[in-house]
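Some notes for your review follow. Please read them next to the coordinates.

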Amino acid sequence: MKHDYSFLKDSLQDYGFELTEEMSDKLDIFYELLVEKNKVMNLTGITEFDEVLVKHYLDSISICQIIDSDKIHTVLDLGTGAGFPGMPLAICFPNIQFTLMDSLNKRILFLQEVVDALGITNVTLVHGRAEEAARNRIYREKFDVCVSRAVANISTLMEYCLPFVKVGGQFISYKSGSIDDEIASSGNAARLLGGKIENPFYFKLKNTDIDRSFVIVNKVAATVKTYPRKAGTPSKEPLC
């Protein structure tokens with residue numbers, strides 16, 4: 001029996017997004033597959049439906065507040081993990097082509113099962129590391145938007161993500177907690193990578209007390225070929 005999606009529907013409606021019955025049906029299939037696979041593979045520590053609804057689904061789709069989906073054609077979800085935020089976004093924005101990339105092939109194989117079960121055609125799955133994939137002409141500076149919910153500082157995330165973004169596009173990082181100091185120390189890194197950081201977008205997840213934010217980095221110039229540096233370096237030695 002399908003779970004109750006009224007909380008998600010009402011919360012997203014407050015953000016100006018209409019969750020359809022077809023979307024919630026697909027999210028429910030995704031949820032069931034996620035919970036089942038999580039029994040044999042560590043995909044997420046969040047499996048209770050009410051928690052997934054808020055911390056995975058609502059959190060992922062909350063980006064609808066700051067994007068104009070009519071002007072976006074291609075989105076990369078880098079380090080997608082169990083498929084967040086990319087899979088819920090692909091379900092909710094069928095007019096956009098999504099590429100979900102992860103360094104662990106087991107996760108990509110799971111997401112292929114999800115894509116097959118949902119019958120969606122706007123998702124491409126890529127097994128690869130950012131440092132290597134960003135040097136591939138197929139992916140470098142090919143995306144209107146790159147998103148990531150990965151836990152890392154802004155400088156590191158920009159080095160991984162900005163090389164994939166077209167000039168005129170955006171990298172958007174999902175963040176929580178205080179990020180002002182992090183942003184303040186990342187301005188030079190942004191310039192080195194061809195980016196310019198906007199003022200962050202702070203908000204609470206609707207009908208919760210969970211503080212969230214989006215760090216928006218506009219791609220204003222091409223990223224020089226030096227970046228990203230070799231595997232592991234961006235996280236060990238963030239640009240400053």
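How many of the residues of helix 7 (residues 154-161) are buried? Point 1 takes this up. Keep in mind throughout that the model is predicted.

1. **Helix 7.** Eight of the eight residues of helix 7 are buried, and the helix is mostly covered.

2. **The cap.** Asn 153 caps the N-terminal end of helix 7. A side-chain oxygen of Asn 153 sits 3.0 Å from the backbone nitrogen of Ser 155.

3. **Strand 1.** Residues 74-78 form strand 1, and four of these five are buried. The strand is therefore largely enclosed by the rest of the structure. Strand 1 has strand 2 (residues 97-102) as a parallel partner, joined by five bridges. It also pairs with strand 4 (residues 143-148), again in the parallel sense, over three bridges.

4. **Val 75.** Check this residue against both partner strands. In strand 2, Val 75 is bridged to Phe 98. In strand 4, the bridge partner of Val 75 is Val 145.

5. **The crossover.** Helix 4 (residues 86-92) belongs to a β-α-β unit with strand 1 and strand 2. The unit is right-handed.

6. **Asn 95.** This residue lies in the loop between helix 4 and strand 2. Leaving out residues up to four places away in sequence, Asn 95 touches Ser 69 and Asp 70. A polar atom of the Asn 95 side chain lies 3.4 Å from the backbone oxygen of Ser 69. Val 54 is 41 residues from Asn 95 in sequence, and the C-alpha to C-alpha distance is 24 Å.

7. **The largest core.** Nonpolar side chains tend to be buried together in soluble globular proteins. Here the largest nonpolar core has 54 residues. Leu 8, Phe 17, Tyr 57, Met 87 and Phe 93 have the most contacts inside it. Helix 3 (residues 49-61) gives the most to this core, with seven residues.

8. **Tyr 57.** What does Tyr 57 touch, not counting residues up to four places away in sequence? Its contacts are Tyr 5, Leu 8, Leu 27, Phe 30, Tyr 31, Val 52, Phe 84 and Pro 88.

9. **The second core.** A separate core of 28 residues is also present. Among its members are Tyr 139, Ile 154, Phe 164 and Phe 171.

Technical notes
Residues are numbered from 1 along each chain as its sequence is written. This is a predicted model: local features need pLDDT of at least 70, side-chain atom pairs count only at pLDDT 80 or more; totals for chains, interfaces and linings use all residues. Side-chain values use heavy atoms; hydrogens and water are left out. Buried means under 20% relative accessible area, exposed over 50%, partly exposed in between (1.4 Å probe, protein chains only). Helices (H or I, at least four residues) and strands (E, at least two) are DSSP runs, numbered from the N terminus. Two strands pair if DSSP finds at least two bridges between them. A crossover is right-handed if, with the strands pointing away from the viewer, the path from the first strand over the helix to the second runs clockwise. A polar contact is a pair of N or O atoms within 3.5 Å; within protein, one must be able to donate a hydrogen and the other to accept it, and residues adjacent in sequence count only if both atoms are side-chain atoms. Contact means heavy atoms within 4.5 Å. A nonpolar core is a set of buried Ala, Val, Leu, Ile, Met, Phe, Trp, Tyr and Cys residues joined through side-chain atoms within 4.5 Å.
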